[in-house]
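Subject: A structure for you to look at

Hi there,

Here is the structure I promised to pass on to you. Have a look around it, then read my notes below.

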Amino acid sequence: MAERQEFGVIGLGRIGGNLARQALEKGMRVVGFTRGGAPRDLLDSGLVEVRSLGAFRNELAQPRIILIYIPSGPAIDQLLGDLAAHLEQDDILIDGGNSYWGDSIRRHSKMRAQGFHFIDLGTSGGVSGARRGACFMAGGDGEAVSRAEPILRELAVAGGFVHAG
């Protein structure tokens, strides 16, 4: 039997929350963090809520895969820095917040220099796609993308995943 899939998600709003709901329904283990606390329905469905970024280290097996669904911009850089202080080398940080491509390239270089993997993950399909099957366009090194790919394919519609480079 295959090992149970698990990942973390930061930002349990419309997209991150619906991806978590879909994953929980498919039997994945999801560890989540969001300002203000996780929605009750996610907790009732089995979401493991953490109240600090450092708690991901204890709740997820390495290499950890953590999806980030917060608004793009400087907050992503701040969050990546905060996460890096708590995680271990080879962990995979995935920005699904539709960041500017130039920022994603810069973040990839910075995270790589610190020993982390970074994937920029274009996510389309809106709220209903996140809930029922999204489309993902992943950018990042092949090793990291191949580790995250089984989870992303499970959360995508048929044919809705591509490693774009």
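Pro63 sits in the loop that links helix 3 (56–59) with strand 4 (65–68). Please keep in mind that this is a predicted model. What is the peptide bond from Gln62 to Pro63, cis or trans? In this model that bond is cis, and its omega is near 0°.

Asp90 is found in the loop between helix 4 (74–84) and strand 5 (92–95). Its phi is near 80°, which is positive even though Asp90 is not a glycine. Is Asp90 buried, partly exposed or exposed? Its relative accessible area is 40%, so Asp90 counts as partly exposed, given that this class lies between 20% and 50%.

Asn98 belongs to the loop between strand 5 and helix 5 (101–113). Asn98 has a positive phi too, of about 55°, and is not a glycine either. Asn98 has a relative accessibility of 51% and therefore counts as exposed, since the cut-off for that is over 50%.

Now for the sheet. The chain has seven helices and eight strands. In what order do the eight strands of the open sheet lie? The order is 3-2-1-4-5-6-7-8, and the pairing is mixed. As background, the strands of a sheet pair through backbone hydrogen bonds, and they can do so in a parallel or an antiparallel way.

Strand 6 (residues 117–124) and strand 7 (residues 134–139) run antiparallel and are joined by five bridges. Across this pair, Gly122 faces Met137, and Asp120 stands opposite Gly139. Strand 7 also pairs with strand 8 (residues 156–163), this time in the parallel sense, over four bridges. There, Ala134 is opposite Ala156.

Val9 and Leu93 are 84 residues apart in sequence, while their C-alpha atoms are 9.8 Å apart in space.

Finally, here is the chain as a whole. For 165 residues, a compact globule would have a radius of gyration near 15 Å, and the 14 Å of this chain agrees with that. The C-alpha trace spans about 40 × 35 × 35 Å along its principal axes. Of the 165 residues, 50% count as buried. Among contacts with a separation of 6 or more, 60% are between residues 24 or more positions apart. The accessible surface comes to about 7,900 Å², and carbon and sulfur atoms make up 51% of it. As for charges, the chain has 18 positive and 19 negative ones, and their mean positions are 4 Å apart.

Enjoy exploring, and write back with any questions!

Best wishes

Notes
Residues numbered from 1 in each chain as written. Predicted model: local features only at pLDDT ≥ 70, side-chain atom pairs only at ≥ 80, totals over all residues. Heavy atoms only, no water. Helix = DSSP H or I, 4+ residues; strand = E, 2+ residues; numbered from the N terminus. Rg over C-alpha atoms; globule rule 2.2 N^0.38 Å. Buried < 20%, exposed > 50% of the residue type's maximum accessible area, 1.4 Å probe, protein only. Contact = heavy atoms within 4.5 Å. Areas by Shrake-Rupley, 256 points an atom, 1.4 Å probe, with all protein chains shown as cover. Lys, Arg positive; Asp, Glu negative; His and termini not counted. Charge placed at Lys NZ, Arg CZ, Asp CG, Glu CD. Pairing = 2+ DSSP bridges.
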